[in-house]
Amino acid sequence: MVAQVRSAKENEEQIALKRNKLVLEQARAVGLLGAAKNTRLSGRVPSELIDAAKKRAHVTSDTELLELALSRLALEDDFGARLVGRKGSIPADIDLGV
């Protein structure tokens, strides 16, 4: 059982690291991340929030966390809003063949 828990935890970490890598690569590809770090961001937030976010994202530094979080936010699509906006646009009597 311990091996299964460890394996699941390692798998979760690998997935998170791969997802993080893909997000940062996409942010670089569209010009959001580059060599120059020319802006400082400062704010006061609960340490529990930072710790939980780092744990969930499998990152260790505040800079990594901020880059990842801001990249995700900047790249986020509007799929949910578009899906909800389509509610009622398909006729109820359409044959879906199901």
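Reader: In which helix does S71 lie?

Author: S71 lies in helix α3; a helix here is a DSSP run of H or I with at least four residues, numbered from the N terminus. Before we go on, note that this is a predicted model, where local features need pLDDT of at least 70, side-chain atom pairs count only at pLDDT 80 or more, and totals for chains, interfaces and linings use all residues. Residues are numbered from 1 along each chain as its sequence is written, and side-chain values use heavy atoms, with hydrogens and water left out.

Reader: What is the mean pLDDT of the chain?

Author: The chain has a mean pLDDT of 90 (the predictor's confidence in each residue, from 0 to 100), and 95% of its residues reach 70 or more.

Reader: Which residues is S71 in contact with, leaving aside neighbours within four places in sequence?

Author: They are V23, L24, A27 and L33, where contact means heavy atoms within 4.5 Å. Look at A27 from its own side: beyond residues up to four places away in sequence, A27 touches L32, L33, S71 and L75.

Reader: Which residues form the largest nonpolar core?

Author: Here is the general idea. In soluble globular proteins, nonpolar side chains tend to be buried together. In this model, the largest such core has eight residues: V23, L24, A27, L33, A57, V59, L65 and L68 (a core joins buried Ala, Val, Leu, Ile, Met, Phe, Trp, Tyr and Cys through side-chain atoms within 4.5 Å). Two or more of its residues come from each of α1 (2-29) and α3, and α1 gives the most, with three.

Reader: How many Å separate the C-alpha atoms of E67 and V84?

Author: They are 29 Å apart, while E67 and V84 stand 17 residues from each other along the chain.

Definitions and conventions: Buried means under 20% relative accessible area, exposed over 50%, partly exposed in between (1.4 Å probe, protein chains only).
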